[in-house]
Amino acid sequence: MEGKEIVMYTASDLRKGLKVIIDREPYIVTAFEFSKPGKGQALYRTKLRNMITGLSIDRTYREGETFEPASLEERAMQFLYKEGGHYHFMDNENYEQIIISEESLGDAKNFLIENLNVKVLMFGDRAIGVELPNFVNLRVMKTDPWVRGDTSKADFKPATLETGYVLRVPPFIEEGELITIDTRTGEFSKRVKE
Amino acid sequence: MAKNWPLARRKKNLEERARLLRQIREFFVGNGYVEVETPHRIPAPAPESHIDAIPSGTWFLHTSPELCMKRMVAAGYEKIFQICRCWRDSERGSLHLPEFTLLEWYRAGGDYHSLMEECEGLIQSLARSIGLGQRIVFRGCEIDLSEPWERISVKEAFHDYTHISVVEALERNLFDEIMVQDIEPRLGLEKPTFLYDYPAPRGALARLKRQDQTVAERFELYAGGLELANGFSELVDGEEQRKRFQVENENRQSLGKRIYSMPDKFLSELDDMPPSAGIALGVDRLAMVFLNAEKIDEVVAFTPEEL
């Protein structure tokens with residue numbers, strides 16, 4: 001360490017999307033559950049994805065445990081297109097093109113539309129994932145029509161987006177509409193006025 | 001459609017929750033209980049290793065109404081219940097809110113077995129009165145509410161569901177992890193289940209079992225793997241309680257947590273308390289069970305993140 005002090009995370013900082021180093025490799029928290037058996041100690045159950053290999057592991061951490069943050073270089077890029085399982089991006093500064101595999105993208109692949117500006121995460125000179133804007137707009141390709149005045153039905157219905165991603169939306173959303181998704185939760189946020 | 005769609009879509013749940021609260025009150029009043037209110041802001045909570053209070057000025061928001069309600073039982077209030085907000089620091093997850101609602105009740109003359117029977121009666125009557133009948137569906141389980149519910153001791157649960165004994169789990173500091181990963185998910189899947197007789201160190205305010213001093217007369221109630229309530233036969237020995245609180249404070253210190261001052265008034269009055277039993281039941285979680293909700297967020301108007 002060259003005099004640079006690392007501020008460690010503790011277990012209570014754990015949340016979805018946090019990036020940490022485990023055994024010298026970068027991992028991202030993909031699922032997180034706080035649990036506390038009656039009067040017992042707080043436990044943080046996590047699923048972590050190795051950002052290089054794409055493999056997931058389950059780990060349980062206790063109150064007070066610490067982690068080294070994975071500090072990854074971020075490069076501003078634009079998503080160009082998808083070809084098979086490969087996603088092509090272009091560096092906004094030097095126009096260099098790179099490819100990221102579907103496994104490395106994880107859930108982000110659900111929200112990538114052409115020309116979307118993202119931050120590509122670099123571990124050394126390897127592109128290992130992307131960071132999306134918190135909100136993206138995507139078009140609804142398929143959903144059941146809304147029957148006005150029908151109050152017997154559930155408060156949501158499934159909808160398929162242009163990326164193939166399926167989520168729950170309010171009943172009033174129609175096919176062809178543009179909606180905003182919160183990429184952190186993957187949930188419907190609002191309808192976009194066009 | 002309202003701008004606050006998540007709130008708008010919870011309307012049905014919140015209406016059901018209100019009905020549930022009315023029915024809870026009706027059940028207790030009908031059974032001779034008096035509804036009481038005790039202060040939410042107190043000088044200090046009971047020292048317990050893993051429960052942290054939120055400071056409010058130089059005092060704290062209570063983590064449960066336990067100390068005040070027990071002082072009332074000690075002063076001659078024999079059957080009391082309370083529905084109140086409680087606060088626990090840093091508890092947030094799909095089953096936890098740092099501010100939540102507890103139903104707590106005490107009964108002089110009772111013990112933990114009589115409390116278990118009262119739980120059966122309460123939840124059956126709630127299910128009936130909101131039109132659910134004897135079977136409820138929660139987390140994909142069809143749970144049969146007809147009594148008697150399942151009862152399994154902590155020792156048996158470790159034997160049935162894990163590869164190590166309770167004693168070994170405690171020694172290796174694995175008790176909580178095994179509870180969460182291997183035991184809790186199996187409890188209350190067909191019928192609600194009482195997990196009872198906790199290791200003595202896990203029942204800081206509970207009476208020890210006369211026939212086996214290594215366990216406390218404490219139980220937890222589970223439905224569909226979700227912990228709903230924690231009850232016990234009360235420890236009514238002030239001197240012994242003080243010692244146990246000191247041990248809890250030592251644990252807190254070794255975990256780097258703040259130490260809570262001794263609740264002296266409570267401790268001096270505890271000897272007046274007749275043999276009693278008391279229980280705290282999470283109202284939000286009970287609403288989750290009746291509404292088949294996946295997350296605690298679905299049964300409250302606002303989560304902290306939405307404020």
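**Exercise 1. Find out which residues G203(B) touches beyond its close sequence neighbours, and decide whether G203(B) is buried or exposed.**

Solution. This is a predicted model, so keep that in mind throughout.
Step 1: Leave out residues up to four places away in sequence; G203(B) then touches Y198(B), A216(B), R218(B) and F232(B).
Step 2: G203(B) sits in the loop that runs between strand 10 (193-199) and strand 11 (208-209) of chain B.
Step 3: Count the neighbours. G203(B) has 23 other C-beta atoms within 10 Å, so it is buried, given that 20 or more count as buried.
Step 4: Y112(B) is 91 residues from G203(B) along the chain, and their C-alpha atoms are separated by 13 Å.

**Exercise 2. Repeat the analysis for I259(B): which residues does I259(B) touch, and how many other C-beta atoms lie within 10 Å?**

Solution. 
Step 1: I259(B) belongs to the loop between helix 8 (238-254) and helix 9 (264-269) of chain B.
Step 2: With residues up to four places away in sequence set aside, I259(B) touches N249(B), R252(B) and Q253(B).
Step 3: There are 13 other C-beta atoms within 10 Å, so I259(B) is partly exposed.
Step 4: From I259(B) to L281(B) the chain runs 22 residues, and the two C-alpha atoms are separated by 26 Å.

**Exercise 3. Which residues of the largest nonpolar core touch the most other members?**

Solution. 
Step 1: The largest nonpolar core has 83 residues, and L195(B), L228(B), L281(B) and V289(B) touch the most other members.
Step 2: Look at one of them. Apart from neighbours within four places in sequence, V289(B) is in contact with I136(B), F138(B), A223(B), G224(B), L226(B) and L228(B).
Step 3: Now look for another core. A second, separate one has 28 residues, including F89(A), L112(A), L121(A) and V130(A).

**Exercise 4. Describe how helix 2 of chain B and helix 10 of chain B pass each other.**

Solution. 
Step 1: Locate the pair: helix 2 covers residues 11-30 of chain B, and helix 10 covers residues 283-291 of chain B.
Step 2: Their axes come within 10 Å and cross at roughly 115 degrees. The crossing is right-handed.
Step 3: List the residues that meet. Helix 2 of chain B brings N13(B), E16(B), R17(B) and L20(B), while helix 10 of chain B brings L286(B), A287(B), F290(B) and L291(B).
Step 4: Sorted by class, this contact has 5 nonpolar, 1 polar and 2 charged residues.

**Exercise 5. Build up a picture of chain A: how many helices and strands, and which domains?**

Solution. 
Step 1: Chain A has 1 helix and 16 strands.
Step 2: Its C-alpha trace spans about 65 × 55 × 25 Å along the principal axes. Of its 194 residues, 23% count as buried.
Step 3: The domain assignment divides chain A into domain 1 (9-69), domain 2 (73-131) and domain 3 (135-191).
Step 4: The centres of domain 2 of chain A and domain 3 of chain A, taken over C-alpha atoms, are 26 Å apart.

**Exercise 6. How many residues does each chain give to the contact between chain A and chain B?**

Solution. 
Step 1: Chain A gives 17 residues and chain B gives 24 residues.
Step 2: On the side of chain A, strand 3 (residues 25-35) gives the most, with 3 residues.
Step 3: That side of chain A divides into 6 nonpolar, 7 polar and 4 charged residues.

Note on methods:
Residues are numbered from 1 along each chain as its sequence is written. Chains are lettered from A and ligands numbered from 1 in the order in which they are written. This is a predicted model: local features need pLDDT of at least 70, side-chain atom pairs count only at pLDDT 80 or more; totals for chains, interfaces and linings use all residues. Two residues are in contact if their C-beta atoms, placed from the backbone, lie within 7 Å. Helices (H or I, at least four residues) and strands (E, at least two) are DSSP runs, numbered from the N terminus. Ala, Val, Leu, Ile, Met, Phe, Trp, Tyr, Cys and Pro count as nonpolar, Asp, Glu, Lys and Arg as charged, and the others, Gly among them, as polar. A nonpolar core is a set of buried Ala, Val, Leu, Ile, Met, Phe, Trp, Tyr and Cys residues joined through C-beta atoms within 7 Å. A residue is buried if 20 or more other C-beta atoms lie within 10 Å of its own, exposed if 12 or fewer, and partly exposed in between; C-beta atoms are placed from the backbone. Domain bounds come from an automatic or database domain assignment. Axes are lines fitted to C-alpha atoms, for helices over the stretch in contact, and angles run from 0 to 180 degrees between N-to-C directions. A crossing is left-handed if the near helix is turned anticlockwise from the far one by less than a right angle, and right-handed if clockwise.
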